[in-house]
Amino acid sequence: MFELNETLANTICAIIALGYIKNNPKLHFVYTEKDGKTEEQDKHKKLQELLQQKFNLTIICTKQNEKTPNPLVIAKTKYITAETEELIQDTVAHSALLTDLIANKEKTSSLKGAYIGGCIKPDTSIEFTGPSALKLYPRPTKDKEGWEIIGLENDKVKKSFEDAKDISDFLNIFLKENVYKDRYKIQNKTYFTYNPRYASETPASFMDNHLFGSVHGLVWAIINYNLTKSGVGSGKDQMCCELALSKDTDKVGSCIPCSIFATSNGTPPNYTHFGRGDNWNFPDTVKSEHGNYALTSKKNIWKDKVKSYFSCGLNMIGKNTMKAEVIASLRALELEKIPDIFLHSLNFQGKFIDKILNTLQ
């Protein structure tokens, strides 16, 4: 009987990340440092060394000194050219004003992780779909799923849910009050709008014996706008994006789970980070005109990629520093269950760079 604990969960996350890196050699990773510290820089340098030594893999890691030049994570399509990037700058140059505006709102806790999903229109305005949407779902059980999670206390999950809900609720109100229906204009030009028709209702309160999923803004946008590598819809030069809103959200890059999904969709992000992908998940239903077709089809493609990355990553580390019993337990898992187990593994919160380093060292 398989029991998913924190060690196994973090190892599974690391294995899938390694398979993703191996199969996508053009990834560009970013990180940030504050107050003159070098902790993240040292970790990224160590990871680069380990990947080179063990697997002959070279990755690009860049320190982001400032967020303001381009606070957008972009799901790249064939329309991304030097010209379109220059046009996008006309929009992102004004996003700092949104950050200044939100700074004047009464909010005592941090807005770290406030990524707002949206779609860049041909006129370079951005239609926001909103921040991460939350959902609750029952814990896996031996009787139903054939496995269970251990070591994830109910009170801890509840606290994480309430913290995430606090930020999402605040951001949804902020967008409605300041961006909804073309309220945000500069010199009579609309730079940002908010389209609540895509919004998902967050549960009012936590339910015992449940876990929660966080549907990140980029995922929400890609599914609702049915983004493909040719753009949004049929031949339209539009691109899905995430705005890193507020000064607390300093990494302008996509988390590993979002990057895997965006890449599986044929629209890889411009930058990726090895930070957190806590509680990452998919919506259960969508409200867009595409119905649930986009959700089902894109999720199935994602599942195939996750299974492929898991198999690749497991083979990569099989002869390295991991204990034989851990390898054996992971090889015994049914491959079809891996995508679902991966989603559950993300409930054990933490940075991906720590999960990968702890697995390799």
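Reader: What makes helix α6 count as mostly covered?

Author: The model is a predicted one, and the label rests on a count of residues in it. Buried means under 20% relative accessible area. In α6, residues 217-224, eight of the eight residues are buried. They are Gly-217, Leu-218, Val-219, Trp-220, Ala-221, Ile-222, Ile-223 and Asn-224. Just after α6 comes Asn-226, with a positive phi of about 55 degrees.

Reader: Why is helix α7 called largely enclosed?

Author: Because nine of the nine residues of α7, residues 256-264, are buried. The buried set consists of Ile-256, Pro-257, Cys-258, Ser-259, Ile-260, Phe-261, Ala-262, Thr-263 and Ser-264.

Reader: Which elements do the buried residues of α7 pack against?

Author: They pack against the helices α1, α6, α8 (293-317) and α11 (352-360), and against the strands β2 (28-31) and β15 (272-273). After α7 comes Gly-266, whose phi is positive, near 85 degrees.

Reader: How many disulfides does the structure hold, and how do you know?

Author: The structure holds zero disulfides. A disulfide needs two cysteine sulfur atoms within 2.5 Å. For Cys-240, the closest cysteine sulfur is that of Cys-119, at 4.9 Å, so the pair is too far apart for a bond. Cys-240 is called buried because its relative accessible area is 0%, and the limit is under 20%.

Reader: Why is Cys-255 in no disulfide?

Author: The nearest cysteine sulfur, that of Cys-258, is 3.8 Å away. The cut-off is 2.5 Å, so this pair does not count as a disulfide. Cys-255 has a relative accessible area of 5%, so Cys-255 is buried.

Reader: What makes the contact of Lys-142 with Glu-148 a salt bridge?

Author: The rule asks for a side-chain nitrogen of Lys or Arg within 4 Å of a carboxyl oxygen of Asp or Glu. Between Lys-142 and Glu-148 the N to O distance is 3.4 Å, so the pair meets the rule. Lys-142 is partly exposed, with a relative accessible area of 37%, because that value lies between the cut-offs of 20% and 50%.

Reader: Where does Glu-148 lie, and which residues does Glu-148 touch?

Author: Glu-148 is in strand β8, residues 147-149. Leaving out residues up to four places away in sequence, Glu-148 touches Phe-2, Glu-3, Leu-4, Pro-140 and Lys-142. Asn-5 is 143 residues from Glu-148 in sequence, and their C-alpha atoms are 8.9 Å apart.

Reader: Buried or partly exposed: which label does Asp-278 take, and which does Arg-276 take?

Author: Asp-278 is buried, at a relative accessible area of 17%, whereas Arg-276 is partly exposed, at 44%. Lys-337, at 30%, is partly exposed.

Reader: What makes the packing of α1 with α10 a pair that can be described by numbers?

Author: Two packed helices are described by the angle between their axes and the distance between the axes. For α1 (residues 6-23) and α10 (residues 338-345), the angle is about 120 degrees and the axes are 9 Å apart. The crossing is left-handed. In α1, Ala-9, Ile-12, Cys-13 and Ile-16 meet Ile-338, Ile-341, Phe-342 and Ser-345 of α10. By class, this contact has seven nonpolar residues, one polar residue and no charged residues.

Key:
Residues are numbered from 1 along each chain as its sequence is written. This is a predicted model: local features need pLDDT of at least 70, side-chain atom pairs count only at pLDDT 80 or more; totals for chains, interfaces and linings use all residues. Side-chain values use heavy atoms; hydrogens and water are left out. Axes are lines fitted to C-alpha atoms, for helices over the stretch in contact, and angles run from 0 to 180 degrees between N-to-C directions. Helices (H or I, at least four residues) and strands (E, at least two) are DSSP runs, numbered from the N terminus. A crossing is left-handed if the near helix is turned anticlockwise from the far one by less than a right angle, and right-handed if clockwise. Contact means heavy atoms within 4.5 Å. Ala, Val, Leu, Ile, Met, Phe, Trp, Tyr, Cys and Pro count as nonpolar, Asp, Glu, Lys and Arg as charged, and the others, Gly among them, as polar. Buried means under 20% relative accessible area, exposed over 50%, partly exposed in between (1.4 Å probe, protein chains only).
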